[in-house]
Amino acid sequence: MSGKPRRLFITGASSGIGEALVAHYASDQTIIGVVGRRPERLHALARRLPGQIIAYPLDVTEADALAAAGSDFIARFGAPDVVIASAGVSVGTLSEYAEDLAVLRRVLDINVYGMAATFSPFIAAMRAAGGGRLVGLASVAGIRGLPGAEAYSASKAAAITYLESLRLELADSGVRVVTICPGYIATPMTAVNPYPMPFLLPADEAARRFARVIERGDSYAVVPWQMGFVAKLLRLLPNALYDRLFAKAPHKPRQLPL
């Protein structure tokens with residue numbers, strides 16, 4: 001990708017990391033399609049930021065609606081330079097509670113199915129254009145399972161593997177697949193966490209660092225780098241030691257709104 005991206009499509013844009021990414025990229029030279037479940041937040045972005053921002057209020061689990069949004073964007077502006085699947089949710093879940101099973105399904109639908117549904121409308125057009133970036137936001141929580149986070153850890157582990165498969169599928173197309181695993185980012189999603197969050201980054205700083213990863217076209221990156229070191233260490237720990245260290249770790253609250 002030469003120069004700064006001009007056409008972008010970003011999900012999860014109503015808040016958190018997605019909103020910060022839109023703010024980072026918005027300029028008089030950019031066209032950004034933004035997806036989120038809160039139309040008023042999307043329209044507020046369009047009013048306060050420079051450039052052309054096109055709001056697509058929808059849920060990323062609605063594949064038909066995303067396909068229609070993707071078709072509309074391509075028809076009006078051409079294949080995007082960058083598509084960022086930023087939409088994601090996090091909530092504590094425990095399988096021993098039957099009511100958490102529906103929550104687990106919802107988290108997987110948004111964090112994994114929603115990512116695939118985000119990319120699907122654009123792949124053929126980006127192949128034809130011979131370039132661009134498909135960017136998926138996973139999480140350090142997907143590297144090893146965390147207690148009380150069955151749904152979230154499972155969804156992010158699935159996202160990491162899905163993105164790796166997609167990267168191989170598109171290896172000769174000119175389209176790069178970028179996997180970003182954030183650590184703790186200061187957003188409404190982490191504001192409810194009742195435990196210390198090491199190396200916590202403000203959302204705007206995270207967006208700047210993600211943009212550098214995207215520009216380089218890295219296949220995989222952990223942000224911030226300190227969490228990358230922690231991630232490598234976690235991968236190497238034998239189960240017995242990992243279990244001893246993390247079995248009593250504090251849990252994210254259950255029954256949060258999704």
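Predicted model: local features only at pLDDT ≥ 70, side-chain atom pairs only at ≥ 80, totals over all residues.
Q: How far does helix α7 reach from its first C-alpha to its last?
A: Helix α7 covers residues 203-216, which gives it 14 residues. At 1.5 Å a residue, a span of 20 Å is expected. The model comes close to that, with a reach of 20 Å.

Q: Are α4 and α5 roughly parallel or roughly antiparallel?
A: Let's look at how helix α4 (residues 99-129) packs on helix α5 (residues 150-169): their axes are 8 Å apart, at an angle of about 15 degrees. Angles under 35 degrees count as roughly parallel. Therefore α4 and α5 are roughly parallel.

Q: How many nonpolar residues does the contact of α4 with α5 have?
A: On the α4 side, the residues include Leu-104, Val-107, Met-115 and Phe-119, and these meet a set in α5 that includes Tyr-152, Ala-158, Leu-163 and Glu-169. By class, the contact has 2 polar and 3 charged residues, and its nonpolar residues number 16.

Q: Is Glu-169 buried or exposed?
A: Glu-169 lies in helix α5. Its relative accessibility is 55%, and the cut-off for exposed is over 50%. Glu-169 therefore counts as exposed.

Methods. Residues numbered from 1 in each chain as written. Heavy atoms only, no water. Axes fitted to C-alpha atoms, helices over the stretch in contact; angles between N-to-C directions. Helix = DSSP H or I, 4+ residues; strand = E, 2+ residues; numbered from the N terminus. Parallel < 35°, antiparallel > 145°, perpendicular 65-115°, else oblique. Contact = heavy atoms within 4.5 Å. Nonpolar A, V, L, I, M, F, W, Y, C, P; charged D, E, K, R; others polar. Buried < 20%, exposed > 50% of the residue type's maximum accessible area, 1.4 Å probe, protein only. Expected span 1.5 Å × (residues − 1).
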